[in-house]
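Thank you for making time this morning.

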Amino acid sequence: MIHPHTELRFISDEIGHGVVATQLIPKGTITWVQDQLDVVLTPAQVANMSNDYQHIIDYFTFRNNKGEYVLCWDMAKFVNHSFKSNCLTTPYDFEIAVRDIYPGEELTDDYGYLNIARPFKAKDEGTKRKIVYPDDLLKYHAVWDEVLKEAFRHINAVNQPLFKFLNESMLKKVRKIEKGEAVLDSILTCYYAEK
């Protein structure tokens, strides 16, 4: 489930649609939670689909660390890639704002941590990286871990409308991490190794 202070907007002919903040979403805010309405498909289920469905799955899903395809039921499936993403996935089936996201600004992910199947050339944003690779999580997890640690310092200090979609054990873990009573697991645990 995507954060409630967002809406779907047309971004450009090159990009298509994207998810945009309608209000300030402060650093440390949970921006997306995998919830009970999201569809999780096994590789076998996807393999048994027609090419038309497989194309949709390829375009609108990400893979978790088990290789399952997660299809978001809401507009979260329209969150676009950026090498300078303002959201970051966590090992806990939710994403977090890693900096303040201002009204009118697009919410973005770095697809390098979403277990893509094939590399692709992304829009040039003036960064060193130009291509997203399936193994980017192996290369950049340490950097992303540091960014996550900093964002987690704010998680209990900001309004969290999506907290109610976290189960009780996850909520307890998040609060312990923020207080320094538990260690934040590495984003590397999200990696799926193709067999």
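How many salt bridges does the structure hold? There are twelve salt bridges in it, and I will come back to some of them, but please keep in mind throughout that what you see is a predicted model.

Let me begin with the overall picture. The secondary structure of the protein comes to four helices and twelve strands. The radius of gyration is 16 Å, close to the 16 Å that the globule rule gives for 195 residues, so the protein is as compact as a globular protein of that length. Along its principal axes the C-alpha trace spans about 45 × 35 × 35 Å, and buried residues make up 44% of the 195 residues. If we take the contacts with a separation of 6 or more, 67% of them are between residues 24 or more positions apart.

Now to the interior. In soluble globular proteins, nonpolar side chains tend to be buried together. Here the largest nonpolar core has 40 residues, of which Ile-30, Phe-94, Phe-152, Ile-155, Leu-166 and Ile-187 touch the most other members. Two or more residues of this core come from each of strands S2 (16-21), S3 (30-33), S8 (87-89) and S9 (94-97), and also from each of helices H3 (136-152) and H4 (168-179). Helix H3 gives the most, with five residues.

Which residues is Phe-94 in contact with, leaving aside its neighbours within four places in sequence? They are Ile-30, Trp-32, Val-33, Leu-88, Thr-89, Phe-152, Ile-155, Leu-166, Met-170 and Val-174.

Helix H3 also holds Tyr-140, which is partly exposed because its relative accessible area is 27%, between the cut-offs of 20% and 50%. Tyr-140 and Asp-58 are 82 residues apart in sequence, and their C-alpha atoms are 23 Å apart in space.

Let me turn next to a sheet. This open sheet has three strands in the order S4-S6-S5, with antiparallel pairing. Its edge strands are S4 (39-41) and S5 (61-63), each of which pairs on one side only, and neighbouring strands of the sheet are turned by 25° against each other on average, direction ignored. Strand S5 and strand S6 (residues 69-71) run antiparallel and are joined by three bridges, with Thr-61 standing opposite Leu-71 in S6. Helix H2 (residues 51-60) lies across S4, S5 and S6, and runs at about 70° to S5.

Side chains of opposite charge can pair when their charged atoms come close. The side chains of Glu-105 and Arg-99 meet in one of these bridges, at 2.6 Å from N to O, and Arg-99 is partly exposed, with a relative accessible area of 34%. Another joins the side chains of Asp-135 and Lys-139, at 3.6 Å from N to O; Asp-135 is partly exposed at 30% relative accessible area, and Lys-139 is partly exposed at 48%.

Finally, the side chains of Glu-150 and Arg-153 meet in a salt bridge at 2.5 Å, N to O. Are these two residues buried or exposed? Glu-150 is partly exposed, with a relative accessible area of 28%, whereas Arg-153 counts as exposed because its relative accessibility is 55%, over the cut-off of 50%. Together with Lys-27, Glu-150 and Arg-153 are linked in a network of salt bridges.

How values were computed:
Residues are numbered from 1 along each chain as its sequence is written. This is a predicted model: local features need pLDDT of at least 70, side-chain atom pairs count only at pLDDT 80 or more; totals for chains, interfaces and linings use all residues. Side-chain values use heavy atoms; hydrogens and water are left out. Two strands pair if DSSP finds at least two bridges between them. Axes are lines fitted to C-alpha atoms, for helices over the stretch in contact, and angles run from 0 to 180 degrees between N-to-C directions. Contact means heavy atoms within 4.5 Å. A nonpolar core is a set of buried Ala, Val, Leu, Ile, Met, Phe, Trp, Tyr and Cys residues joined through side-chain atoms within 4.5 Å. Buried means under 20% relative accessible area, exposed over 50%, partly exposed in between (1.4 Å probe, protein chains only). A salt bridge is a side-chain nitrogen of Lys or Arg within 4 Å of a carboxyl oxygen of Asp or Glu. The radius of gyration is taken over C-alpha atoms; the globule rule is 2.2 Å times the number of residues to the power 0.38.
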